Amino acid sequence: MIVQRVCAWCKMDMGPAAFETSNPRYNITHGICLDCKEKLQYGHNKKRKSIQNFLNKFEKPVFLVDAQNIVKTANKAGSHMVEKPLEKIENFVGGEVFDCVHFVKNGTCGKSKHCTGCMINSSILKTLENGTGVVKKFAEIDVKTGNDLIKQKLMITTEKVEDIVFLQIDKIDTIELIEQHPD
């Protein structure tokens, strides 16, 4: 089944996506049309508009990630999700932003043996490499929170815009405790 691209901002039909799906629930993906992209970059009347204001219009957590897995910024919902202010999100690697236990253990993101199985990391790389985003793909991340280790189960969507990936967390299904350490 052909997946239809729709501008996430103005809802304009942008034609077929570069990928297909067999699941009819995911027959639409979102991107940004050229008009909205220009408005985002230059604002109305050529005044620079803050990307932060734009991202904050999304109810779901959104993170902008570059090819080095650096989170360039996030919206308010994203900041709330990771329980960090923007100063602790912007220009930090994804593993640090999400408190990935593997980042906490070895200080790297995207380079350890555990990272090869990370659906968030591989989806971002795939989207950057071939422009094909993922739509509501299941992902898990082991997170260090205080003294506890939990497993977050997420649904992620990615879309490439120039050299940045829009990573949207569509749903947080459950959080299960893996290991609890007494204070």
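**The cores and the aromatic pairs**

Modeller: The largest nonpolar core has 28 residues, of which Phe63, Phe98, Ile120, Ile156 and Leu167 touch the most other members. Among the elements giving two or more residues to this core are β4 (62-65), α6 (119-130) and β8 (148-161). This is a predicted model, in which local features need pLDDT of at least 70 and side-chain atom pairs pLDDT 80 or more, while totals for chains, interfaces and linings use all residues. Residues are numbered from 1 along each chain, and side-chain values use heavy atoms, without hydrogens or water.

Colleague: What makes a set of residues a nonpolar core?

Modeller: Its members are Ala, Val, Leu, Ile, Met, Phe, Trp, Tyr or Cys, buried and joined through side-chain atoms within 4.5 Å. Buried means under 20% relative accessible area (1.4 Å probe, protein chains only), against over 50% for exposed and in between for partly exposed. Another core, of 13 residues, lies apart and includes Ile32 and Phe166.

Colleague: Why is the pair of phenylalanine 63 and phenylalanine 98 called tilted?

Modeller: Rings of Phe, Tyr and Trp (its six-membered ring) pair if their centres lie within 6.5 Å; planes under 30 degrees apart are stacked, over 60 edge-to-face, and the rest tilted. Here the centres are 4.9 Å apart and the planes at 55°, so the pair is tilted. Phenylalanine 63 and phenylalanine 98 are both buried.

Colleague: What makes the pair of phenylalanine 54 and phenylalanine 58 edge-to-face?

Modeller: The planes of phenylalanine 54 and phenylalanine 58 stand at 90°, with 5.9 Å centre to centre, and the pair is edge-to-face. Both residues, phenylalanine 54 and phenylalanine 58, are buried.

How values were computed:
Helix = DSSP H or I, 4+ residues; strand = E, 2+ residues; numbered from the N terminus.
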